[in-house]
Amino acid sequence: EDLVVDDVHNHLGYPFLNVGERCNIAGSIKFKKLMMAGEYGTAMDIAKAQVEDGAHVIDINVDDGMLDGLAAMQKFVKIAVTEPEI
């Protein structure tokens with residue numbers, strides 16, 4: 001499905017895309033702790049909250065030396081696409 005943002009404008013009249021950036025191990029200690037503990041459902045609540053607060057897209061980063069980033073990303077994204085609120 002294509003993402004269409006031409007009907008969303010900022011206060012200057014320019015097209016605007018709000019990116020939720022709290023699903024990022026490097027930028028959110030809370031998200032990192034949840035992902036490291038395998039608490040994907042609770043980590044998904046962070047993504048839901050960002051969407052509820054107006055995010056159009058979610059920036060997901062699970063790159064950490066102590067975590068299998070590929071497996072974590074696959075699992076998190078699979079959960080995310082099944083959530084109707086995200």
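I began with Asp-64, which is buried, with a relative accessible area of 18%. I take buried as under 20% relative accessible area, exposed as over 50% and partly exposed as in between, with a 1.4 Å probe and protein chains only. This is a predicted model, in which local features need pLDDT of at least 70, side-chain atom pairs count only at pLDDT 80 or more, and totals for chains, interfaces and linings use all residues. Residues are numbered from 1 along each chain as its sequence is written, and side-chain values use heavy atoms, with hydrogens and water left out.

I placed Asp-64 in the loop between strand 2 (57–61) and helix 3 (69–82). Helices (H or I, at least four residues) and strands (E, at least two) are DSSP runs, numbered from the N terminus.

Next I listed contacts (heavy atoms within 4.5 Å). Neighbours within four places in sequence aside, Asp-64 touches Ile-25, Lys-32 and Met-36.

How many salt bridges does the structure hold? I found two, a salt bridge being a side-chain nitrogen of Lys or Arg within 4 Å of a carboxyl oxygen of Asp or Glu.

One joins the side chains of Asp-64 and Lys-32, at 3.3 Å from N to O. Lys-32 is in helix 1 (residues 29–36) and Asp-64 in the loop between strand 2 and helix 3, so the pair ties together parts 32 residues apart in sequence. I noted Lys-32 as partly exposed, at 32% relative accessibility.

Glu-83 forms a salt bridge with Lys-48, with the closest N and O atoms 3.2 Å apart. Glu-83 lies in the segment after helix 3 and Lys-48 in helix 2 (residues 40–52), so this pair links parts 35 residues apart in sequence. Glu-83 is partly exposed, at 21% relative accessibility.
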